[in-house]
Amino acid sequence: MVRYALRRIVSSLLVLFFVTLITFIVISVLPGDRAVLALGIDADAETVEALRESMGLDRPFLERYLGWLMSALKMDLGRSEVYGEKVSSLIASHLPVTFSLTIFSILIASILSLVLGLISERRKGRALDGIIRSTCILISALPSFWVSLLALVFFCGKLRWFPVNGYISPSRGFFSFLRSIALPSIILALGELSLLTRMFRSSLIRSFSEDYMTQCEVKGLRRSRAIIHYALRSAIIAPITLIGNQAAKLFGGTVVVETIFSLPGIGRLLLTAVEQHDTTLLQGIVLFITTMVVLMNLLTDIFVALSDPTIRKGRSE
């Protein structure tokens, strides 16, 4: 297990290294001079050149990349050219919103998918099974921006079930915080419903066909207890990997929902960096999101290996 974990850590570090290199290359070749964008087109040449020198833009590419990488290892991602603040501070201030969205949406999606997958498996081949699968596919296929706009108009504007003034911090009341984060979390969860439901359904079908379920029936064990103690425990292993991957995807894919619901999260900060050509902020956000995605996938793989001895043994050989 230790050997497997070390291999996964090394591979994750290699992924992060190549992502930083590719990100730096792509941003370096983007059109436009960062100094001119910061000062404006009316700035004189001497001022622009002085700013380029202070920003290190006159140095060779490799020297600039290594300098940025060493600073990033020290948790110094530079200073935003738009906000005038440290990038790490901006990310830290916007992180709670995106983190809350990710956690709540993946919890909602996992619970709904488990319930729907269990019902679908119990009614396998019947009308209810087809209705559940078709409905999940239809819901997941709907564009998130369209669903978000409809939900914003109907649930926030007409019914007033949820606030329309964006994110409310937990310090101002936990219930108010839940109300502000509930609707966007549900919309994000709906996008993951189809894939997770299919995974839970197929895992449950495979689990119910195992010999130990037949032995439970022969021994007279109650059906509900056999499902909870044996079928679900076995069926949950495969969806864990998918849940981890979906959570990692959600962490970097909340731009649309955060923008529509006026939530000050990482996704909205990323959109601002792109719109304002704030390359320092953009580099920092891309590195942070990539690190979180790689870390989530790493923790998911290790958790799955710890949960299933056969997987751990097979991967460590």
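1. The protein chain contains 15 helices and zero strands. The model is a predicted one, and the points below should be read with that in mind. Of the chain's 317 residues, 38% count as buried. Among contacts with a separation of 6 or more, 71% are between residues 24 or more positions apart.

2. Helix H5 covers residues 87-122, which makes 36 residues. From its first C-alpha to its last, H5 reaches 51 Å, close to the 52 Å expected at 1.5 Å a residue.

3. Pro96 itself lies in H5. Pro96 counts as partly exposed because its relative accessibility is 39%, which falls between the 20% limit for buried and the 50% limit for exposed. Ser169 is 73 residues from Pro96 along the chain, and their C-alpha atoms are separated by 9.0 Å.

4. H5 packs with H8 at an angle of about 35 degrees, and the two axes are 4 Å apart. The crossing of H5 past H8 is right-handed. The residues of this contact divide into 22 nonpolar, eight polar and four charged.

5. Helix H8 (residues 174-208) also packs with helix H6 (residues 127-141), here at an angle of about 145 degrees and with the axes 6 Å apart. H6 passes H8 in a left-handed crossing. On the H6 side the contact includes Asp129, Ile132, Arg133 and Cys136, and on the H8 side it includes Leu190, Gly191, Arg198 and Arg201. By class, the contact of H6 with H8 comprises six nonpolar, four polar and four charged residues.

6. Leu250 belongs to helix H11, residues 237-251. Leu250 has 4% relative accessibility and therefore counts as buried, the cut-off being under 20%. Leaving out residues up to four places away in sequence, Leu250 touches Thr102, Ser105, Ile106, Leu188 and Glu192. Thr102 is 148 residues from Leu250 in sequence, yet the C-alpha to C-alpha distance of the pair is 5.9 Å.

7. Thr20 is located in helix H1, residues 2-28. Thr20 is counted as buried because its relative accessibility is 4%. Apart from neighbours within four places in sequence, Thr20 is in contact with Tyr65, Trp68, Leu69 and Leu287.

8. Most residues other than glycine have a negative phi. Met75, which is not a glycine, has a positive phi of about 65 degrees. Met75 lies in the loop between helix H4 (61-73) and H5. With a relative accessible area of 66%, Met75 is exposed.

9. The other case is Ser262, also a residue other than glycine, with a positive phi near 55 degrees. Ser262 sits in the loop between helix H12 (255-260) and helix H13 (266-275). Its relative accessible area is 35%, so Ser262 is partly exposed.

Note on methods:
Residues numbered from 1 in each chain as written. Predicted model: local features only at pLDDT ≥ 70, side-chain atom pairs only at ≥ 80, totals over all residues. Heavy atoms only, no water. Axes fitted to C-alpha atoms, helices over the stretch in contact; angles between N-to-C directions. Helix = DSSP H or I, 4+ residues; strand = E, 2+ residues; numbered from the N terminus. Left-handed = near helix turned anticlockwise from the far one by under 90°. Contact = heavy atoms within 4.5 Å. Nonpolar A, V, L, I, M, F, W, Y, C, P; charged D, E, K, R; others polar. Expected span 1.5 Å × (residues − 1). Buried < 20%, exposed > 50% of the residue type's maximum accessible area, 1.4 Å probe, protein only.
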